[in-house]
Every structure is written in structure tokens, then in C-alpha cells.
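The sequence and the structure come next.

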Amino acid sequence: MSSTNYTHVTDVAALQDEGREVVSADGQSVVLFYHEGSVYAVDNRCPHMGFPLSKGTVEEGVLTCHWHHARFELACGDTFDIWADDVQTYPTKVRDGKVLLDPNPEPDVPPETYWRNRLVDGLRENLSLVMAKGVINLDSLGEGFETPLETTLEFGVSYRNAGWGRGLTTLGAMATLHRWLERSDKQRAMYVGAREVASNCAGEPPRFEQYELTNQTLSKQRLKEWFRENCEVRDENGAERTLRTAAAVLSPAETVELLLAGATDHLYLNQSHTLDFINKACETLDHVGWDRAPDVLGAVVPQITAASRAEEQQAWRKPVDVASLVFDAHERLPDLVDTGRRREWERPGDFVEQLLAEDPEAIIDYLTTAIEAGASAEQLTDAVARAATRRVAQFATSNEFNDWNTVHHTFSYANAAHELARRTDAIEAYRPAFDAAMSVYLDRFLNSPAAPLPDPESTNRNPDAIRTELLAAFDEQGRVNDAGRLVAEHFASDGDAETLIETLGTGLLREDPQFHTLQNLEGAIRRFDRADSTAGKQLPLVAAARYMSAHYPTRREANQTFNIARRLHRGETLHDAE
């Protein structure tokens with residue numbers, strides 16, 4: 001439908017002579033074409049990357065842009081090329097030799113719907129520029145968080161047969177990071193989440209979800225037994241049907257209990273990723289609503305049933321059989337928890353140091369003794385996560401570069417264990433404290449020698465200058481220790497910690513997405529948020545800054561694509577000489 005506000009823009013005779021003409025209509029640059037006896041009007045900016053369509057070619061009703069050869073049906077503006085958006089067309093009339101144009105036609109669909117659909121196009125075809133445009137335009141329409149998150153989540157759980165993976169985990173991490181960022185970085189975060197989901201799903205067969213069981217009166221205990229049995233024998237379909245049923249009839253806390261049981265019957269699944277993926281799925285449900293739990297958590301099941309198990313690995317068996325130590329502790333948990341049920345535990349001042357010791361049996365004893373003294377799963381996993389954070393913060397750069405991932409995996413596992421322990425009081429929530437602690441133990445050589453924790457004296461330096469220097473440190477390879485020192489100096493200068501996190505977010509999102517680096521900063525922010533002291537808040541940000549610095553700079557190709565989309569949204573010209 002069109003308005004009645006037609007305005008005279010040119011004469012038919014002049015347009016016939018030239019075949020095309022650029023006019024201004026209500027501030028819009030519009031190109032008119034006289035083709036096959038009719039007058040057509042379209043936005044002069046190619047919707048792909050802004051090249052003037054007046055320099056294009058019209059043949060047989062098709063307008064072709066000469067920059068990237070995007071093709072458009074001239075009458076309605078529909079593109080033949082999915083990577084180019086439809087071009088805006090304007091209704092025209094010819095009256096008394098004059099061309100009249102409506103500069104403000106009503107859209108065929110609401111803009112929110114159009115850009116959501118374009119985001120879906122980008123996800124399906126793995127088109128970064130289309131996804132960036134979708135996210136930016138949705139944000140300008142006031143739908144910059146929920147719509148990209150829900151749309152991308154729905155796509156991700158449907159179009160990857162292997163289920164929940166790095167893409168959806170990145171999306172969940174970006175959703176958590178979102179509130180800590182300034183606006184343009186909020187847009188970048190959702191773009192990165194969408195881009196990683198599309199990349200992770202590209203070329204994969206779709207996922208065909210299972211059905212819930214018909215019996216909706218099954219007890220939690222029965223569902224839990226079935227879920228564990230199916231996971232034990234790696235029966236993905238049986239486990240998914242059981243879990244979907246549980247998610248539909250149990251509370252979120254009870255559903256998490258099932259997931260923890262299945263994910264901790266064996267140790268350190270998939271080198272930490274399984275537990276972290278489960279945690280990210282739960283955190284994502286916090287954003288979109290737990291009514292989606294059957295679909296979302298169902299996609300996590302392959303991460304349990306197909307997972308590698310640490311007790312099958314040599315490092316967990318020899319020279320010390322730490323796997324057996326952990327399983328023995330698991331068996332003792334009911335009695336340990338019962339003993340400590342009416343006691344209150346306060347973490348001793350040296351408890352984290354004890355967890356960093358070199359005697360695995362003593363470490364297990366520290367943990368079991370704490371449970372007998374009344375330590376909750378939340379308290380215990382928090383202490384282990386602090387120890388895991390130390391391993392990253394004090395990682396020695398003399399190690400092989402890939403070993404950054406070794407300490408990172410332990411950190412992400414311990415962080416996930418703590419976050420999940422906050423959701424349930426089930427005994428199973430204690431379990432990952434033990435294998436996380438053993439992973440901290442196995443990582444001990446990566447702190448030999450341990451990089452000293454930065455401890456600058458109070459300084460009068462401007463925190464703004466420190467943050468600027470931190471971003472500059474990320475621009476150069478090898479400034480790992482400088483990055484950690486600058487974070488500590490920012491705290492010593494009484495700089496605002498949330499502004500520092502915003503700066504770290506900028507440093508993260510301008511780089512090309514690297515899964516572990518995205519995980520690492522998001523986990524560090526979680527640890528910051530849970531800490532109860534200034535030192536506790538500083539440590540994870542020091543660790544994250546060092547980890548980020550070790551992996552930067554990158555080519556920043558993804559950010560270039562995002563910046564192109566943002567410039568197009570602002571109406572800037574890309575094709576002129578710089």
C-alpha cells in the first residue's frame with residue numbers, strides 16, 4: 001500500500017532521453033529508470049554495499065549493480081542474490097508528461113520482521129555481512145538483544161545434528177557479556193554470537209529432535225535413573241527423550257540435577273566442554289525463558305553421550321591414579337554431606353593455596369574435610385574455581401603456546417561447576433569440584449615457574465590512560481605480562497572496574513572470534529561478579545587480560561565486516577577513494 005503524497009520529480013521526455021536520472025525525494029537519493037515503456041524508481045544506494053545503482057545496468061527487467069553484480073527485479077526490488085538485500089522501490093505515476101513519485105511508501109512487512117528474516121537468511125547461508133546488518137538494524141528498532149538471541153538460538157538448536165556446540169556456547173557467552181558493554185559493542189556481541197552459530201552449523205545436517213515420553217507422571221528419581229543409564233551406554237535418543245520429559249515436568253533446579261548427574265558420572269567430559277556447554281545452555285534459558293528447556297537442553301545431550309571421558313586418559317591414571325581418587329570421593333559424598341548437614345563452613349584463608357599443592361591425595365582430603373565441616377557445593381566449587389583462575393593468571397609464558405588452552409579448560413570447567421552449583425542443592429553438584437581440583441593439580445607444571453601476580457603500588461595515573469594503554473598492549477604480540485600489570489594498576493588507581501570490563505569487551509570484540517578467548521573473558525566476568533573482595537575481583541580480570549594478550553592481535557576480518565554494516569546503516573559511502 002502507498003500513501004497519496006506524490007511529488008513531481010522530473011519530466012517523462014527528459015527521462016526518456018537519458019534512460020535514467022537521479023533525483024532527490026524527501027531527502028532520499030532515488031534513481032529513475034525508463035525501461036520497456038514504463039518508469040521505475042529505486043533507492044540509488046545498492047543495499048549490499050552502497051554503490052550507486054544509477055551506474056548499473058538494466059536489461060529485461062533486471063537491474064544489476066556493477067560493484068558486486070547484485071541483481072534486482074526492477075519493479076518490486078527483490079534481489080536474486082541472497083547475499084544482497086532487497087532494494088527499496090518507490091511507486092511512480094505519469095501524469096501530463098510529468099513523473100510523480102511517492103517518497104514514503106508503506107513497507108510490505110514491518111521493519112522488525114524484515115530484519116529478523118534477513119538475520120535468518122544470514123544464518124542459513126553463513127553470510128556475515130547479512131547477519132551484521134540484521135543485528136544493527138534490529139538494535140536501531142529497539143530489538144537488539146531478545147530478537148537476535150532468540151532467533152539465533154532457535155536456528156542453532158535446529159540445524160546442527162551434533163547438537164549444542166561452540167556456536168551456541170558463544171551465543172550464550174555473548175548474551176551474558178551484553179550488559180557489560182557499551183552500545184556498539186553490544187551490537188558486536190550479538191553479531192559474533194550469530195556469526196559463530198552460523199559457522200558451527202554450516203555444512204552440517206539438521207537436528208531432528210526427539211519426543212517427550214507420554215507418561216508425564218514419572219518421578220524425578222525414575223527420570224534421573226533412566227537418564228544416567230542412557231548416558232552411560234551412550235544412547236543419545238533414549239537420553240534425549242528422558243531429558244525432554246524431565247524438562248517439561250520438573251523444575252529448573254531438578255532438571256539441572258539430572259544434567260549434573262549424567263555429566264559427572266564420568267570425569268571432565270570432553271576436556272571441560274560438556275559441563276561448560278550445559279552451563280551456557282542454562283544461562284541462555286535464563287534469558288529466553290525455561291519454557292524452551294526441552295528443545296535447548298535436548299540439544300546438549302550429544303555432549304554427554306558422545307563425550308570423551310578423562311578416566312580413559314593416561315594422564316588421569318599414571319603416575320598417580322587421580323581418577324580413582326575422584327571416584328572414591330564421589331562414593332563417599334552421601335555420608336560426607338550428611339555429616340556436614342548441620343554445620344557451617346567458612347573457607348580457611350589458605351584453602352585455595354592448599355588446592356594448588358602437589359599432593360593429589362591431600363587435595364582430595366581438603367575437599368572431603370570441608371564437606372564434613374559443612375561446606376556447600378557452591379562454596380566448594382567457588383574455592384576450586386579460584387584455584388583454577390590462579391593457574392591462568394600465573395601461566396608461565398615459557399610454556400608451549402597451546403598450553404594456554406590447558407589451563408583455560410580447567411578454568412572454564414571450574415567456573416561452570418560453580419555456576420551450576422548455584423542452581424541446585426543436589427549431591428551431584430559436589431562432584432565436579434573433585435575432578436576440577438584434579439585438573440588444577442595436573443596443570444601444576446604450567447605454573448613452574450609461576451608468573452608473579454602483579455601488585456603495583458597505589459598510583460595517581462589516570463584510569464582512562466591505563467585503559468587506553470591496555471588496548472594498545474592488545475595491538476602488539478607478546479605483551480602478556482604488561483596486560484596483566486595494567487589491569488592491576490587500574491585497580492590500584494581506583495579505576496571503575498565495570499568501565500575496565502567494558503574496555504576488555506572492546507578489546508575482545510574487535511578481534512576475530514576465537515572460541516576459547518570468548519569463553520575466557522565471559523568466565524572471568526562471572527568470577528568477578530561472584531567475588532567478595534577487591535583482590536578476588538582483580539584476579540580473574542588479570543587472568544583474562546593475560547590470556548587475551550597472548551592471542552592478540554588477529555586480522556580483525558569479522559570486525560571489518562561489522563564496521564561495513566554499521567557504516568552502511570549510517571548512510572556512509574564505501575566506494576569512494578579513502
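Arginine 556 counts as partly exposed, at 22% relative accessibility; buried means under 20% relative accessible area, exposed over 50% and partly exposed in between, with a 1.4 Å probe and protein chains only. This is a predicted model in which local features need pLDDT of at least 70, side-chain atom pairs count only at pLDDT 80 or more, and totals for chains, interfaces and linings use all residues. Residues are numbered from 1 along each chain as its sequence is written, and side-chain values use heavy atoms, with hydrogens and water left out.

**Positive phi**

- Arginine 556 is not a glycine, yet has a positive phi of about 65°.
- The loop between α23 (534-550) and α24 (557-570) holds arginine 556; helices (H or I, at least four residues) and strands (E, at least two) are DSSP runs, numbered from the N terminus.
- Serine 272, also not a glycine, has a positive phi of about 95°.
- Serine 272 is located in the loop between α9 (252-264) and α10 (273-288).
- With a relative accessible area of 0%, serine 272 is buried.

**Cis peptide bonds**

- A cis peptide bond leads from lysine 318 to proline 319, with omega near 5°.
- Proline 319 sits in the loop between α12 (301-305) and α13 (322-340).
- The peptide bond from serine 448 to proline 449 is also cis, with omega near -5°.
- Proline 449 belongs to the loop between α18 (431-442) and α19 (463-474).

**Cysteines**

- The count of disulfides is zero, where a disulfide is a pair of cysteine sulfur atoms within 2.5 Å.
- For cysteine 201, the closest cysteine sulfur is that of cysteine 282, and the 19 Å between them is too far for a bond.
- Cysteine 201 is buried, with a relative accessible area of 7%.
- For cysteine 282, the closest cysteine sulfur is in cysteine 231, at 14 Å, which is too far for a bond.
- Cysteine 282 is buried as well, with a relative accessible area of 0%.

**Packing of α2 and α4**

- Helix α2 (residues 111-125) packs against helix α4 (residues 146-158) at an angle of about 40°, and their axes are 10 Å apart.
- Axes are lines fitted to C-alpha atoms, for helices over the stretch in contact, and angles run from 0 to 180 degrees between N-to-C directions.
- α2 and α4 are therefore oblique to each other; angles under 35 degrees count as roughly parallel, over 145 as roughly antiparallel, 65 to 115 as roughly perpendicular and the rest as oblique.
- The contact (heavy atoms within 4.5 Å) involves Arg116, Leu119, Val120, Leu123 and Arg124 of α2, and Thr147, Pro148, Thr151, Thr152, Glu154 and Phe155 of α4.
- By class, the contact of α2 with α4 has five nonpolar, three polar and three charged residues; Ala, Val, Leu, Ile, Met, Phe, Trp, Tyr, Cys and Pro count as nonpolar, Asp, Glu, Lys and Arg as charged, and the others, Gly among them, as polar.

**Packing of α21 and α22**

- Helix α21 (residues 497-509) and helix α22 (residues 515-530) cross at roughly 170°, and their axes come within 11 Å.
- That angle makes α21 roughly antiparallel to α22.
- Ala497, Ile501, Leu504, Gly505 and Leu508 of α21 make the contact with Thr517, Leu518, Leu521, Ile525 and Phe528 of α22.
- By class, the contact of α21 with α22 has eight nonpolar, two polar and no charged residues.
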